[in-house]
Each structure stands twice: as structure tokens, then as C-alpha cells.
Amino acid sequence: DFDELSAIELLKVVRNSFADGAQIYIHTENMESVHSLGRDIFLSNLGALRYSGSRIVYKGSKASELIG
């Protein structure tokens, strides 16, 4: 499940992986479900990171649920 704790952990990984022009892949295939609060926490905190020039690519069956 992608819940609040999962969102915080994924944000930590993404923050540590961001570099100018980096491409980050988030695979969602093994997620059972995406909780709305987890998604909201992830997306609201991700905003500031998007301006670094890095790109996030979402893959898998739950990708559309994760990005809203």
C-alpha cells in the first residue's frame, strides 16, 4: 500500500536521487493500492523538487493513481 509513511519514504529517496538533469523511475507495479492521503503528501511535497531539471517517470499499473 502507498500510504503516508510510504509517501515520506519515497520523498526521501527522490530527494537524495535528484541531480540536475537526472531521470528517476518510480515503478508502481507492486503497489496493492494508493491511499489518497499518501498520494497528496507525495505530490504536495514533490512540487519544489520538480524545478531542479530532473525528470520523474512513473511506470506500472498504479502510475496514474499515484500522480493523481
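Here are legends for a handful of close-up views of this predicted model.

Residue numbers start from 1 along each chain as its sequence is written, and side-chain values rest on heavy atoms, with hydrogens and water left out. Because the model is predicted, local features need pLDDT of at least 70 and side-chain atom pairs count only at pLDDT 80 or more, while totals for chains, interfaces and linings use all residues.

View 1. The largest nonpolar core has 16 residues, and Phe2, Val14, Ile26, Phe42, Ile56, Tyr58 and Leu66 touch the most other members. A nonpolar core here is a set of buried Ala, Val, Leu, Ile, Met, Phe, Trp, Tyr and Cys residues joined through side-chain atoms within 4.5 Å. Buried means under 20% relative accessible area, exposed means over 50%, and partly exposed is in between (1.4 Å probe, protein chains only). Helices (H or I, at least four residues) and strands (E, at least two) are DSSP runs, numbered from the N terminus.

**View 2. Phe2 and Phe42, an aromatic pair.** The count comes to one aromatic pair. The ring centres of Phe2 and Phe42 sit 6.0 Å apart with the planes at 90 degrees, so this pair is edge-to-face. (Rings of Phe, Tyr and Trp, the last by its six-membered ring, pair if their centres lie within 6.5 Å; planes under 30 degrees apart are stacked, over 60 edge-to-face, and the rest tilted.) The pair ties together distant parts of the chain, with Phe2 in the segment before H1 and Phe42 in helix H2, 40 residues apart. Both are tucked away: Phe2 is buried at 3% relative accessibility, and Phe42 is buried at 0%. Leaving aside residues up to four places away in sequence, Phe2 also has contacts that include Leu10, Met31, His35 and Leu66, where contact means heavy atoms within 4.5 Å.

**View 3. The buried side of helix H2.** In H2 (residues 36-46), the buried residues are Gly38, Phe42 and Leu46. They span an arc of only 55 degrees around the axis, so they sit on the same side of H2; the arc is that of the directions from the helix axis to the C-beta atoms. What do they pack against? The buried residues of H2 meet H1, strand S1 (23-27), S2 and H3.

**View 4. Lys62, a buried lysine in a loop.** Lys62 lies between strand S2 (55-59) and helix H3 (63-66), and it is buried, with a relative accessible area of 18%. Its side chain reaches the backbone oxygen of Glu32 at 3.5 Å, a polar contact (a pair of N or O atoms within 3.5 Å; within protein, one must be able to donate a hydrogen and the other to accept it, and residues adjacent in sequence count only if both atoms are side-chain atoms). Lys62 also forms a salt bridge with Glu65, the closest N and O atoms being 3.4 Å apart. Glu65 is partly exposed, at 34% relative accessibility.

View 5. A search of the whole structure turns up three salt bridges, each a side-chain nitrogen of Lys or Arg within 4 Å of a carboxyl oxygen of Asp or Glu. One of them joins Glu9 and Lys12 (3.4 Å, N to O). These two lie in H1 (residues 4-17), three residues apart, about one turn of the helix. Glu9 is partly exposed at 45%, and Lys12 is partly exposed at 44%.
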